[in-house]
Amino acid sequence: MKKSFLLTALMFAASLSAQERAAWMPEEATATDQVADGGERIVLPVTFTNLPKATADMSKFTKVWTIDLEKFKIKNDASVTVSDELNAALQYAKEQGYNRIIFPKGKYLIAVGKPVILDHKNTIIDLNGAELIMEPNGRQSYQIVEIINGAENLRLTNGTIRGERYQHDFTTVKGSHEWCAGLVLHSGKQIEIDHLTITECTGSALCSSTSGTRTRPELLSRIFMSIYPKKHLEQGAFDAKGNKIVSAEKTRTINMINLAKFEDQFEIGYLAGYQGFPFVLGRVYQIYFYDKDKNFIGMQKCLQYRKIKRPENAAFMHLEFNQPEVTDQPAHFGAAAGGWVLRINNFLPPTDVHVHDCKLINNRNLGFGLSGGQRWIVENNEVIGNGGCAPGYGMDLEDGWELTQDIVFRNNLFKGNVSGGIVICAGSELLFENNRFEADGGRPNRIVFYGRTYNYIFRNNYIKDGIVSFGSRTGIATFEGNTYENCKRITVFYDNKGVADGIYRKEKGQAVRTLPLTLKKEKFINVQELSGTYICLEDCELKNVNAVVGPTTGLVSVKNSKIEDSTLTKDCEKMPTVIMDGNSGTFTEKVAPPKPKKGKGKKK
């Protein structure tokens, strides 16, 4: 009797020695550690906080002022624009020391190019059910409300921010008009946004900034130093006492960097373009600190793009990179050749932000369009029906790239957004838990994580009618406890582009070992296709699932799982390593029909 392809693969895998199996399987599927190749890797903890995070206590904000409409000549019937008048009133309240500012109910028309500006400290701004409405216009970009540098311990609550999507002039000025936003967090610390409805914006509902600045002079003031290879760097390293030593494996700064103009913290990286790791390829590097007399203080291991706290008595520093040479030729797209390779900045993105119990509904571009931000908690929000121009998701994490850090998304509903629920292009230390993703009105429910996303956790979420893509270039991602129901496709893939991943390779194209991406304690119900570089499952439940082994599948491993009415479809010439262990039930085997050859179809 002819053996099944599954049994044949199992027997073949069992007959191989460990060394032979390691040679046969893909590099990324055989690793038992995270440091074997590609230099040192430091994995920071992902943020976990109590559910939910505590909100600001209004009873402690006792200096109450209701905006005096007559005094500041403010109309609250949307008959005329009142931006200047509102901003004058808000600054008056700040100067007078009021810490709870209440809007009279009504509709306030905001002038294009004149957003409401919030830079208050230790203040609650209570819209009190009022609406801030953008006047009709034809601009490519607008903001209705901006939170800027200087805002601290600020809460904005209880109202509506409304765009003019259906009155907007798209014809006079050609373009996408996607930068017309409701609420923009440029900067600020300890910001709370809650119980707002943000709707009908021509672009996105809620956006954030990477640098914390709004103008070019502000941006340039946050850049402390640009590093050029020939001017600032040489081959070599430092010993444990901070002295220069010969090394063919590392690159260091030639001269000490004076910290006199630096602030108490800063970050180092290619802070332009698409960021990434185009010149200094490794995520990890070292700083050697010295006092005012240039005596060695100590060494810190650091991560590119992460804030470095300057030691109190540090006056100078040297940098050390874990590669033999840093050239001015970029390793990947998005960086310019022949110029500087790193910058030392202290950007001020919105930090320690709590967005909760908001409704982001029917905006033309995105619900959340986050381009940076650190230590955010986004919970208990409804993100529904957004989209109409690209990218058109409920949420997009993109232009902040590696400067989007430590973000928690939990207990949110993403439903009926035109392109899908979320698309995550980059960022690090991200947690997605207890969210619900649904389709509506025939719109696709896509959940997309690109491979550049680093160290993310996706757990206890519910996805219905979804198309899911989980990617990683490093293998540092966790999937656990999610439920997938009536999904068209779930793909788990190792993105082996080998660039912009923070891993140094001694040779171009060198394979770097990483752990396989494994899904644990997951439920799959009525899934048309489960595929990818890995089909690695532990303690899962599968009911009416079609697992597809394609030509790029490197490993199939199903352990301690319950399998019911499910199929394993071979869509490749040769089966990869297959591990089946401790399961209840098994797959029905199937061979995919041959694909039609190109050019052989019937002529019409």
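Predicted model: local features only at pLDDT ≥ 70, side-chain atom pairs only at ≥ 80, totals over all residues.
Cys358 is buried, because its relative accessible area is 1% and the limit for a buried residue is under 20%. Cys487, with a relative accessibility of 0%, counts as buried as well.

The chain as a whole contains 5 helices and 51 strands. Its radius of gyration is 27 Å, close to the 25 Å given by the globule rule for 604 residues, and the chain is therefore as compact as a globular protein of that length. The C-alpha trace spans about 95 × 65 × 55 Å along its principal axes. Of the 604 residues in the chain, 55% are buried.

Among the strands, four are arranged in an open sheet. The order in this sheet of 4 strands is S13-S24-S19-S22, and the pairing is antiparallel. The edges are formed by strand S13, residues 223-227, and strand S22, residues 308-309. Each of these edge strands has a single partner strand, so one side of each is left without a neighbour in the sheet. In general, the strands of a sheet pair through backbone hydrogen bonds, in either a parallel or an antiparallel manner. The partner of S13 is strand S24, which comprises residues 342-345, and the two pair in the antiparallel sense over 4 bridges. Within this pairing, Met225 stands opposite Ile344 of S24.

The model has 4 cavities of 30 Å³ or more, and the largest cavity holds about 90 Å³ of space. The lining of the largest cavity includes Leu44, Phe277, Arg283, Leu303, Gln304, Tyr305 and Arg306. Glu402, Gln405, Ser428, Glu429 and Tyr454 also line this cavity. By residue class, the lining of the largest cavity is made up of 5 nonpolar, 3 polar and 4 charged residues.

Key:
Residues numbered from 1 in each chain as written. Heavy atoms only, no water. Buried < 20%, exposed > 50% of the residue type's maximum accessible area, 1.4 Å probe, protein only. Pairing = 2+ DSSP bridges. 1 Å grid on protein atoms, 1.4 Å probe; cavity = no way out; pocket = protein on both sides within 12 Å on 5 of 7 lines; lining within 4 Å. Points joined across faces, edges and corners; volume = space filled by probe spheres on them. Nonpolar A, V, L, I, M, F, W, Y, C, P; charged D, E, K, R; others polar. Rg over C-alpha atoms; globule rule 2.2 N^0.38 Å.
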